[in-house]
Amino acid sequence: MEIRLAPARVADFHQVLADHPRYWGDRDLRPMHLITLVQEFGPTCLVARAGDGIRGYVFGFVTPDGTGYVHLIATRDDSRGTGLGRRLYAAFAEAAAGQGARRLKAITAVENTRSIAFHRGLGFAAEFVDDYDGNGRTMAVFHRDLPL
Ligand SMILES: CC(C)(COP(=O)(O)OP(=O)(O)OC[C@H]1O[C@@H](n2cnc3c(N)ncnc32)[C@H](O)[C@@H]1OP(=O)(O)O)[C@@H](O)C(=O)NCCC(=O)NCCS
């Protein structure tokens with residue numbers, strides 16, 4: 001089935017929220033899904049569209065210091081391990097570089113071993129930062145230079 005990457009529409013945003021468990025399992029990351037991202041950072045908020053719906057998405061933006069920051073990336077439970085996450089990152093990196101980004105950054109929970117393996121597989125360096133959120137929580141922080 002053909003999968004096309006395209007900027008997320010408002011309806012896509014609501015669709016991925018409705019199907020939230022298919023992307024995130026038991027974890028509730030709905031509060032991190034901000035419509036502002038889709039409205040204001042359109043070129044760096046992408047969905048992977050197929051005949052049977054949205055297979056994955058990446059929501060991010062470029063910071064003033066030239067960092068392409070990936071806020072959320074997820075692929076649907078039936079699409080994992082097929083290279084779609086890598087494809088979404090490549091499209092995000094290209095869009096971010098087009099806006100002047102020179103590096104990429106993302107964060108994830110230290111328990112999210114799949115995400116850590118995924119980011120390392122994409123050539124990110126992982127750093128474990130204590131008290132990242134000011135509430136004592138350690139987070140895995142990923143960095144890598146562009147191009148991807
Ligand atoms: C993390 C996630 C986005 C990966 O997406 P994916 O479509 O399965 O990833 P890909 O198939 O493109 O894999 C790309 C590379 O990552 C690595 N990788 C991906 N999943 C992995 C896993 N579970 N274990 C080890 N390596 C893995 C592989 O090295 C792969 O390299 P290859 O292309 O040389 O084979 C997906 O598992 C997911 O949506 N998880 C739930 C949401 C989440 O935790 N998101 C990240 C936090 S923001």
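Visitor: What radius of gyration does the protein have?
Guide: This is a predicted model, in which local features need pLDDT of at least 70 and side-chain atom pairs count only at pLDDT 80 or more, whereas totals for chains, interfaces and linings use all residues. Residues are numbered from 1 along each chain as its sequence is written. The radius of gyration is taken over C-alpha atoms, and the globule rule is 2.2 Å times the number of residues to the power 0.38. For 148 residues a compact globule would have a radius near 15 Å, and this agrees with the radius of the protein, which is 15 Å.

Visitor: How many helices and strands are there in the protein?
Guide: Helices (H or I, at least four residues) and strands (E, at least two) are DSSP runs, numbered from the N terminus. Read from the N terminus on, the elements follow one another as β-α-α-α-β-β-β-α-β-α-β-β. Counted by kind, the protein has 5 helices and 7 strands.

Visitor: In what order do the 7 strands stand in the open sheet?
Guide: Two strands pair if DSSP finds at least two bridges between them. The pairing in this open sheet is mixed, and the order of its 7 strands is S1-S2-S3-S4-S5-S7-S6.

Visitor: Which are the edge strands, each pairing on one side only?
Guide: In the sheet order S1-S2-S3-S4-S5-S7-S6 one can look for the strands at the two ends. A strand there pairs on one side only, and the edge strands are S1 (4-7) and S6.

Visitor: By how many degrees are neighbouring strands of this sheet turned against each other on average?
Guide: Axes are lines fitted to C-alpha atoms, for helices over the stretch in contact, and angles run from 0 to 180 degrees between N-to-C directions. For neighbouring strands of this sheet the direction is ignored, and the average turn is 25 degrees.

Visitor: Which residue of S3 is the bridge partner of Val-47?
Guide: Strand S2 pairs with S1 in the antiparallel sense over 4 bridges, and it pairs with S3 in the antiparallel sense over 6 bridges. A hairpin of 2 residues joins S2 to S3. Val-47 in S2 stands opposite Ala-6, while in S3 the bridge partner of Val-47 is Tyr-57.

Visitor: What is the bridge partner of Phe-128 in S7?
Guide: S6 and S7 (residues 139-145) pair in the antiparallel sense over 5 bridges. One of the partners in S7 is Met-139, which belongs to Val-129, and the partner of Phe-128 is Ala-140.

Visitor: Is Asp-131 buried or exposed?
Guide: Asp-131 lies in the loop between S6 and S7, and its phi is positive, about 50 degrees, although it is not a glycine. Most residues other than glycine have a negative phi, and most peptide bonds are trans. Since 10 other C-beta atoms lie within 10 Å of it, Asp-131 counts as exposed.

Visitor: Which residue does a cis peptide bond join to Leu-146?
Guide: The residue lies in the segment after S7. The omega of the cis bond is about 5 degrees, and the partner of Leu-146 is Pro-147.

Visitor: Which element gives the most residues to the shell around the ligand?
Guide: A residue is near a molecule if its C-beta atom, placed from the backbone, lies within 6 Å of it, and 20 residues surround the ligand, with Arg-80, Gly-85, Arg-86, Ala-117 and Gly-121 the closest. Helix H2 (20-24), strand S4 (67-75), helix H4 (84-98) and helix H5 (113-121) each supply at least two residues. The element that gives the most, with 5 residues, is H5.

Note on methods
A residue is buried if 20 or more other C-beta atoms lie within 10 Å of its own, exposed if 12 or fewer, and partly exposed in between; C-beta atoms are placed from the backbone.
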